[in-house]
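Open the model in your viewer and keep the sequence panel beside it. The tour goes from one selection to the next and says what is found at each.

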Amino acid sequence: MSLLPELRYPSVPELVASARALTAERPGLCALRQVGLSRAGRPLHLLSVGRARRAVLVVAGAHANEPTGGATLRLLAERAVRESSLRDGVSWHFLLCADPDGASLHTTPAPRSLFDYHRYFFRPAGPEQPEWSPSVLPPDRLPPETRALTSVIDEVRPYLQISLHGTDLGGTWVQLTRDIPGLAEPFAKSAAELHIPVEAGASDAAGWPASGPGVHVMPAPGAGAAYPSMPDDARQSTWYHAHRYGGLTAIVEVPMWASDLVGDPAPHPAPAAALGRLAHRLRTDALLVEEVFAQAQPRLADRDDPLLRAARWALELVPGLAEDWVRTPPADTTMAYVGSVDAFARRLPLRAAAMLLRVLREGDDRAAPRLERLVAHWSESFARRFHARWVPVRNQIEHQSRTVVTAARQARDTAG
């Protein structure tokens, strides 16, 4: 866990600079333009390569704490410029960062450990996430980042939208809003070659049918949710916006640290009992963060801070989610699924604690040392429990970019 990554993740200004360089190099092929402004006034940029009517849209930076996507987008843009085969009847469009405000708050370009990663962690509350806000907010309250993204989809009408995501610790998986035949085999082959486990029972896709290991297809409308308490519905997110033009969306996840525990397809001997224990730990850990919140609350009362909003939102998910795990039959009964839920149960209070800690450190609050010890302990316990191993940045990028290119080709050939 102490190995320094050999590459750092690019910042948004670095992505913009790379896009400008490509545009200057091939002005007849590339175009870079501003397509919107964030809530704080930061520009959202779209790089387009080629002018074919059939389009692929690649979105990076939808979650600020998932930095691999920006690096992958940069590689894909360079490939789209230099490899004419990728432009065979297809134009490529790259939204450099869907949430530049969030990217300015998550500042871990080269994390040495999970604790280092969490020291400057940020992931916004659900209503402030560009892709997810339509699932929890009415249309007249959508943030400008969401409106910019949907406007780009309306303009380019992609046959495939690719959203580049990632996880701190676990495996790789793909979520599809409609199946892409032929994707599962090359996806699994790429993961094996690069020593990245396939997350066979991803809790993010609990209850979804699979077209192959780690490739999950969104259930049809009306299908029951695996976690009824969760406030959002993927079918109301921007992922579905491409469907009005006959397109679909693929969400490609890749881990920073890998764990083989999330790739074990063997049956778990007692999944319901295991989920009950995880629910208990989730509640217990969340209460520890709530206690610090309560202790510091008199000193935070006047703060309207995105870090505090996000921490509170994460903690508000805990009671319902824990109840789901106890009351709802397991969506999957494999070792992989229980491992994925275990990671989720550790991740949620850890993230809330990490974001609260940033606020307390900034104010030199007396509660900060206690919370910092908790974040450090939880980070180390998370890594130790899952035998975490760093995935070289080049492998993260290579696997994600391979999956994007395969999905684009397979979806194009399937559509005819």
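This is a predicted model, in which local features need pLDDT of at least 70 and side-chain atom pairs count only at pLDDT 80 or more, while totals for chains, interfaces and linings use all residues. Residues are numbered from 1 along each chain as its sequence is written, and side-chain values use heavy atoms, with hydrogens and water left out. Helices (H or I, at least four residues) and strands (E, at least two) are DSSP runs, numbered from the N terminus.

**Stop 1: α8 against α9**

Select residues 306-327, helix α8, together with α9; the crossing of this pair is left-handed. Left-handed means that the near helix is turned anticlockwise from the far one by less than a right angle; clockwise would be right-handed. On the α8 side, the contact (heavy atoms within 4.5 Å) is made by Leu307, Leu308, Ala310, Ala311, Ala314, Leu315, Leu317, Val318, Leu321 and Trp325. From α9 come Val341, Phe344, Ala345, Leu348, Ala352, Met355, Leu356, Arg358 and Val359. By class, the contact of α8 with α9 holds 18 nonpolar residues, no polar ones and one charged. Here Ala, Val, Leu, Ile, Met, Phe, Trp, Tyr, Cys and Pro count as nonpolar, Asp, Glu, Lys and Arg as charged, and the others, Gly among them, as polar.

The axes of α8 and α9 are 8 Å apart, and the helices pack at an angle of about 155°. Axes are lines fitted to C-alpha atoms, for helices over the stretch in contact, and angles run from 0 to 180 degrees between N-to-C directions. α8 and α9 are therefore roughly antiparallel to each other. The cut-offs are under 35 degrees for roughly parallel, over 145 for roughly antiparallel and 65 to 115 for roughly perpendicular, with the rest oblique.

**Stop 2: α9 alone**

Now select residues 335-362. Helix α9 has 28 residues, which at 1.5 Å a residue should span 40 Å, and its end C-alpha atoms are 41 Å apart, in agreement. The expected span is 1.5 Å times one less than the number of residues. How many residues of α9 are buried? The count is 25 of the 28, so α9 is largely enclosed by the rest of the structure. Buried means under 20% relative accessible area, exposed over 50%, and partly exposed in between (1.4 Å probe, protein chains only).

Step past the end of α9 to Asp364, in the loop between α9 and α10. Phi of Asp364 is positive, near 50°, in a residue other than glycine. Asp364 counts as exposed because its relative accessibility is 70%.

**Stop 3: α10**

Select residues 368-385. Helix α10 has 18 residues and reaches 25 Å from its first C-alpha to its last, close to the expected 26 Å. Its buried residues are Ala368, Leu371, Leu374, Val375, Trp378, Ser379, Ser381, Phe382 and Ala383. The cover over them includes α4 (114-119), β6 (167-170), α7 (271-300) and α9. Just after α10, His387 takes a positive phi of about 50°.

**Stop 4: α7 and its partners**

Asp285, Leu288, Val289, Glu291, Val292 and Gln295 of α7 meet Arg370, Leu371, Leu374 and Trp378 of α10. The contact of α7 with α10 has six nonpolar, one polar and three charged residues.

α7 and α8 pack at about 155°, with axes 9 Å apart, which makes α7 roughly antiparallel to α8. Among the contact residues are Leu275, Gly276, Phe293 and Leu300 of α7 and Leu308, Arg312, Glu323 and Val326 of α8. The residues of this contact divide into 16 nonpolar, two polar and four charged.

**Stop 5: the loop between α5 and β5**

Go to Arg157, in the loop between α5 (144-156) and β5 (160-164). Phi of Arg157 is near 50°, again a positive value in a residue other than glycine. At 51% relative accessibility, Arg157 counts as exposed.

Is Tyr159 buried or exposed? Tyr159, which lies in the loop between α5 and β5, counts as buried at 11% relative accessibility. Leaving aside neighbours within four places in sequence, Tyr159 is in contact with Arg54, Ala55, Val56, Val90, Gly247, Leu248, Ala408, Ala411 and Arg412. Tyr159 and Leu248 are 89 residues apart in sequence and 6.3 Å apart in space, C-alpha to C-alpha.
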